[in-house]
Amino acid sequence: MPHVIPARLRTDVYARAGGYCDLCRIPLAGNAFDAHHRKLRSRGGEDSLENLVALHRHCHDWVHHHPADATRLGFMVASHADPATTPLHLHGRTWVLPDGRAFVPTTRRSTT
């Protein structure tokens with residue numbers, strides 16, 4: 001039996017995405033989207049707003065077929081990581097935390 005995301009949570013995931021796929025930024029067709037677990041359920045990921053993103057079926061397939069790229073972009077989260085504090089590279093434009101706050105990656109400066 002397939003896993004079912006609670007209807008209210010799916011609604012919240014869709015609303016946060018603004019009706020667009022979180023990966024490609026193309027509009028979603030209403031409620032016809034996949035709620036992807038960033039931290040996979042097999043890694044202990046839960047049904048939570050911080051752990052779910054709205055994706056087209058083909059974008060969801062891409063994430064699962066390209067785990068290294070998906071992890072680099074924040075669409076997959078390691079089993080030891082917290083999805084609430086792992087940023088996403090949304091729509092190829094900006095890094096954000098799942099609650100929508102901007103994320104500014106730190107850079108290391110050379111001391112030499």
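Which side chain does the side chain of His 60 join in a polar contact? I looked it up: the partner is Asp 34, at 2.8 Å. For my own bookkeeping, a polar contact is a pair of N or O atoms within 3.5 Å; within protein, one must be able to donate a hydrogen and the other to accept it, and residues adjacent in sequence count only if both atoms are side-chain atoms.

**Ground rules**

I am working on a predicted model, where local features need pLDDT of at least 70, side-chain atom pairs count only at pLDDT 80 or more, and totals for chains, interfaces and linings use all residues. Residues are numbered from 1 along each chain as its sequence is written, and side-chain values use heavy atoms, with hydrogens and water left out.

**Confidence**

I checked pLDDT (the predictor's confidence in each residue, from 0 to 100). The chain mean is 85, and 83% of the residues reach 70 or more. Residues 106-112 stay under 50, and the model gives them zero contacts beyond four places in sequence. Contact here means heavy atoms within 4.5 Å. Where pLDDT is low, the predicted coordinates should not be read in detail.

**Overall layout**

I counted three helices and four strands, and along the sequence they run α-β-β-α-α-β-β. Helices (H or I, at least four residues) and strands (E, at least two) are DSSP runs, numbered from the N terminus. Of the 112 residues, 41% are buried; buried means under 20% relative accessible area, exposed over 50%, and partly exposed in between (1.4 Å probe, protein chains only). I also took the contacts with a separation of 6 or more: residues 24 or more positions apart account for 51% of them.

**His 60 and helix H2**

I placed His 60 in H2, residues 57-65. His 60 counts as buried because its relative accessible area is 13%. Leaving aside neighbours within four places in sequence, I find His 60 in contact with Asp 34, His 36 and Leu 55.

Which residues of H2 are buried? I get Cys 59, His 60 and Val 63. Seen down the axis of H2, they fall within an arc of 100°, so they line one face of the helix. That arc is taken over the directions from the helix axis to the C-beta atoms. An α-helix has 3.6 residues a turn, so residues three or four places apart point the same way. On the other side of H2 I find Arg 57, His 58 and His 65 exposed. The buried residues of H2 pack against E1, E2 and helix H3 (67-72).

**His 36 and strand E1**

I moved on to His 36, which sits in E1 (residues 34-37). His 36 is buried because its relative accessibility is 1%. The side chain of His 36 reaches the backbone oxygen of Phe 75 at 2.7 Å. Beyond four places in sequence, the contacts of His 36 include Leu 55, His 60, Val 63, His 64 and Phe 75. His 36 and Leu 55 are 19 residues apart along the chain, yet I read 6.8 Å between their C-alpha atoms.

Both faces of E1 are covered, with Asp 34 and His 36 buried on one side and Ala 35 and His 37 buried on the other. E1 pairs with E2 in the antiparallel sense over four bridges; two strands pair if DSSP finds at least two bridges between them. Asp 34, the polar partner of His 60, has Leu 55 as its bridge partner in E2.

**The core**

Of its 23 residues, Leu 23, Leu 55, Val 63 and Phe 75 touch the most other members. H1 (7-17), E2 (52-55), H2 and E3 (88-90) each supply at least two residues, and the largest share, four residues, comes from E2.

I also checked Val 13, in H1. Val 13 is buried, with a relative accessible area of 0%. Outside four places in sequence, Val 13 is in contact with Phe 33, Leu 49, Leu 52, Val 53 and Ala 54.

What is the phi of Arg 25? I read a value near 70°, positive in a residue other than glycine. Arg 25 lies in the loop between H1 and E1 and is partly exposed, at 33% relative accessibility.

Note on methods: A nonpolar core is a set of buried Ala, Val, Leu, Ile, Met, Phe, Trp, Tyr and Cys residues joined through side-chain atoms within 4.5 Å.
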